[in-house]
Structure formats: structure tokens, C-alpha cells
Amino acid sequence: MNDVMKRLTAANPVTDIDGPPMGDVWDKLDALGDGARLGRRPRAVGANRGWAVGLAFAATLIVVAVVALPLLATPHRERGAAGANHPGVPRAPAASTSSTSPERGAQQLARTALGGHSGSVVALDPRTGAILAAVGHSRVASAPEATVDVLTAALALDQGTITPATLIPAPPRLPRTLVQNTEAAGFPAMTVTRALTSSVNTVFGRLGQELGAPLLKSYFRRFGIRPDPTADAAALASGQGGLVASPLEMATVAATVADDGLLISPGAGTGHPVTRRVMSVATARVISEAMRRVVLQGTATPAAADGAPVAGKTGTAPLGDGGSLDWFIGFAPAAHPTVAVAVLVRDARSGYGGTVAAPIAARFLTAFLQR
Amino acid sequence: MDEVDRRRRLEALFSTHAGAVRAYAVRRTGDTASADDVVSDVFVVVWRRLDDVPADALPWLLGCARRIIGNQRRSARRHAALVARLVETGGADGSVGSHHPGADRALGEALQTLRERDREVLLLVAWEGLDARRAAAVIGCSERAFAMRLHRAREKLAAALGRVEPKETPAMEAVR
């Protein structure tokens, strides 16, 4: 009988293996909010928190400035530029890893997808809330911009303010608010799905006015998105001011839609994740379908990943120096999601969530789903 | 323990045990990618529960890894197939970081026929190199119960091997 044990010992497939680097532990602790207590440590991407907090302030200021001074605003429109590539964007450097294994962890895939960009990639398992990857400033809050349209739409559907068939006015700008469409373009009244697909700000501003600021604020808080107490409903609902959210929180929004409206508090796959229903199944499916269209024919066509349908939503804030803060949140495969992501990139050029953040999401999702 | 001490303790535990936890995770998940995620999850738990980590930390860490892998809904059947593959190929398909040369097809087949709980106790001893006391700590049972389970599992593996490779039948012995 001891021969059996000896033979089993001899068949051990892994007899010596290097310890992994500790960076992933710090990144996950950061993402879970435990990192703040760890004090200063070297960061893999970008600079320190002061940089990003400043960026969030700058972003908010610039949004206000752009909205208040439309004539001076750099004209940009997410739809038109969606297919453009960014030849000037530095390519992702080869991942520096001690492992020669062809397979790499989600963390490594996220780091590779982000490449030389300053920003963050967060990936969650929508079924468990587990953090699959968290790279960069995953806990640092920025203005979430038009990615919150997803939540405004969900709240309006669940409140009965609209149905999926309701036609909502889409004027160039909303009177007595700072909310206006990109290039101050007006459209015929449209469904909420169409408004999500093309990221039409005034539709969501209008929904916000119907819903009211108190309801919106309490809804956003459920996702950890922090509203400015003085912000008006239209600005909140269209993501045009008054909100700050981290990539981790926005990944949670995407995961919630992916999981048919169940909000799972992110965890490390340990303990008991807390699950709450924050949107009805029917609403989550409408939003999910709309997010699928965003990638198929809307503002996020560069997010299309090889081999799996992606659903998503973009958001963009121009910055004072001519650059921009670009968001993409989404999940894949669209019908049965196994991964939800948020990508936030600070780009030196004037980009859009669709042109800068979406391709990073596509790189990550393609690699992740092909593991 | 102040923050600096906690940090030092975490780093010390990581540098001492991360390799062993990773090896365990590779043996359980079959690839270094999943294993690295398990390792970082384990040490996130360590950071949060630093005061609970006993002086003999490895069994506690492996128990934590075991629960994390369990939470990933990896079915027992899939694990059985994985173990069989690792044993039958000597891990030589490039998916694990370091390979033992000895492939053993019959052993892989025999292991696959065992129940998960039998396979697990055998591998904790044979592959993780733990004695009964430490292996019992990993799965959270008494040392005595573990010894009993190990004994039975050995018998089952020996019987399974006998079925897979009946080397010498009584008839052949009679001829000899």
C-alpha cells in the first residue's frame, strides 16, 4: 500500500514552481478599498492619487465650461468618430512576467490590454461579484460621464416613467440646465434604446427631470456613485456633472446589468457576497439589448471583440489640455456574460470612450474569453 | 500590530508561502493563470484576517486556497479529469509552470475513478507533502478523522489500480 503513495508522490506534476510577484495582491487590495491603509507603495501605472483627483476636478470644471460656453467647445461627436483608429496611441508593451506560460491571469491580460495608457481596467465576474482583474487607479473616482445613462434608463423603466417603446424628446439642449447634446444636435423623439445607442444627452436629462434629483441620487448611491448634493436632476441623469465614480463602481454597474439586475458587492471570492435586486429582470434585459446595440452600431463599435458578442456603453469628458477622459463599461458574451469590465483612460488626444477605451476593452475581452 | 508591522507580516508570509500556495493552486486548477488569481485572493484574505493566521501558516493558507477554488464552482468531475490529465502527461502540455517527467497513465485513470474526498486527502499528503496533522488543518477535520480517511483512500486507490492494471493474474502465477 505504501507503494501506492510513493507512486502518487512520484507523479506530482508540479515539483517546483517560483513564487508569484506580489503586485497582484496590492492591486486587489487597492481595488477592494483595503489598499488605502497600506500607505505609499510603488504603482504599476501612472502617478499618484493626487494626479487623478486633480484630473477629476479638471474634468468636472471642463465639462461645466464646455457646457456653459458651447461656442468655444471643441466639437466632438461620439457617433461619427466611432470607427476611427488611433495610430498614435502607443501599443501595449509586451507583458513583463516571469512566467513563460502561454496562459496568463486576468490581471496580466488587463495590464497588457491597458498597455502604455494612464488609466484603469477593472474586470468582475458578474455571477459572483469576484474581482477578476484590477489594474491602475481602480478606486480613484472620476466623473463617470455618459456611462451613467445606463442607470438613468434602468431607473426610468423600473419606475414606469417610460416603457421601452416611449418616444422621448431629444432637443439640442434642455432649457434652464447645462445639459446639451454633442455639437448641440437635435433629433426627433426617440426610444431609450436609441438614445443609449447614440448617447443622446438631452434624452437622459429629460428622464432625470421626470425622475427628480432625490430618487436619482439614492439610486446612484446604491452603486457607490457619489452625487454632488447641489447638482440638478438633468445633469445627474445625463452624467454631465455632479457625480464621481471609480472604475470599480462602474464595472459593478455593468456587472449588474449582465446579471439580470442583481447587484453583487464585489469580493475576492471569499465570504458571502451580498446580493440585492436593483433593477427588474425585464429592465435589465432591455438595457442589455441596448448596450449590445451600442457596440454593434453605436458609439462603441471598436469594442467588438473577436469571437464573442460584447455589450457596452461609452462616456467621454474633454480635458483642459486638449486630451480627454474616456470610459467604456460593458460585458461579454452579451447573452450569457461571464465577465464585466470598466475601462477608464486618460488620453492625451481628444478621444472618445468609443475610440480609446473601447479598443482596450476589446483587447482584454478577446484575450480573456480565449484563455 | 501597527500598519507597518502588518505589512511586514503580510510580505513575510507571502515570500515564505506564496510558492507553495501557487503550486497547490496549479495542481488544483491546472494552469498558472488561474493559480495566480487564487494566490492573490488568498493573500487578500490574509491581509484582512492577519490576526487569525496561525504560527504554522501553510495549512491555513492552503485551506483558504481550497475554499476559494471551491467557490469558483469547479466541479469535482472536472477536477478528477484534470488530475488524471496532469498525472498521465506528467503535466507536459505546457499549461503548468514546472513539470515532472514521469507520466503514469494507469495512475491517472485510477485516480479519476475515486471520489473527490478520497482523491483530495491522498494528494494533500502525496503532492502537498503534508503530514496528517497539517493536512487535517487544511480541510478542517480532526487528525484522527483524517488518518482514517487517508487509510481508506489508499485502499481504494490500490484497488482501483488493481482494476486498471491487473499485472499478474492468479492464473499466470500458477503457470510460473
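**View 1. P333(A) sits in the loop between β10 and β11 of chain A.** The peptide bond that joins A332(A) to P333(A) is cis, with omega at about -15°. Helices (H or I, at least four residues) and strands (E, at least two) are DSSP runs, numbered from the N terminus. The model is predicted, so that local features need pLDDT of at least 70 and side-chain atom pairs count only at pLDDT 80 or more, while totals for chains, interfaces and linings use all residues. Residues are numbered from 1 along each chain as its sequence is written, chains are lettered from A and ligands numbered from 1 in the order in which they are written, and side-chain values use heavy atoms, with hydrogens and water left out. β10(A) and β11(A) form a hairpin that has 6 residues between the two strands.

**View 2. Five strands of chain A form an open sheet with antiparallel pairing, in the order β2-β1-β11-β10-β9.** The edge strands, each of which pairs on one side only, are β2 (131-136) and β9 (311-318) of chain A, and from one strand to the next the twist averages 5°. Strands count as paired if DSSP finds at least two bridges between them. β1 (residues 118-124) of chain A runs antiparallel to β11(A) and is joined to it by 7 bridges, whereas β10 (residues 324-332) of chain A pairs with β11(A), again in the antiparallel sense, over 9 bridges. V343(A) of β11(A) is the bridge partner of V121(A) and also that of F328(A), while L344(A) in β11(A) stands opposite S120(A).

**View 3. Strand β11 (residues 339-347) of chain A is largely enclosed by the rest of the structure, because 9 of its 9 residues are buried.** Here buried means under 20% relative accessible area, exposed means over 50%, and partly exposed lies in between (1.4 Å probe, protein chains only). Both faces of the strand are covered, with V339(A), V341(A), V343(A), V345(A) and D347(A) buried on one side and A340(A), A342(A), L344(A) and R346(A) buried on the other.

**View 4. Helices α5(A) and α11(A) (the latter residues 281-297) pack at an angle of about 145°, and their axes are 9 Å apart.** Axes are lines fitted to C-alpha atoms, for helices over the stretch in contact, and angles run from 0 to 180 degrees between N-to-C directions. On the side of α5(A), V150(A), A153(A), A154(A), L157(A) and D158(A) meet T283(A), V286(A), I287(A) and M291(A) of α11(A), where contact means heavy atoms within 4.5 Å.

**View 5. Y219(A) and F223(A) make an edge-to-face aromatic pair, one of 3 aromatic pairs over all chains.** Their ring centres are 5.4 Å apart and their planes stand at 80°, and both Y219(A) and F223(A) are buried. Rings of Phe, Tyr and Trp (its six-membered ring) pair if their centres lie within 6.5 Å, with planes under 30 degrees apart counted as stacked, over 60 as edge-to-face and the rest as tilted. F364(A) and F368(A) form a stacked pair, at 5.6 Å centre to centre and with 25° between the planes. These two phenylalanines lie in helix α12 (residues 353-369) of chain A, 4 residues apart, which is about one turn of the helix. F364(A) counts as buried because its relative accessibility is 1%, and F368(A) is likewise buried, with a relative accessible area of 8%.

**View 6. E145(A) and D260(A) are non-glycine residues with positive phi.** E145(A), in the loop between β2 and α5 of chain A, has a phi of about 55° and counts as buried because its relative accessibility is 5%. D260(A) is placed in the loop between α10 (247-258) and β7 (262-264) of chain A; phi of D260(A) is near 60°, and the residue counts as partly exposed at 25% relative accessibility.

**View 7. A165(A) lies in the loop between α5 (149-159) and β3 (168-170) of chain A.** With a relative accessibility of 57%, A165(A) counts as exposed.

**View 8. In chain B, R6(B) lies over the face of W47(B), at 4.5 Å from the ring centre.** A charge sits over a ring if NZ of Lys or CZ of Arg is within 6 Å of the ring centre and within 35 degrees of the ring normal. The secondary structure of chain B comes to 9 helices and 0 strands, and buried residues make up 52% of its 176 residues.
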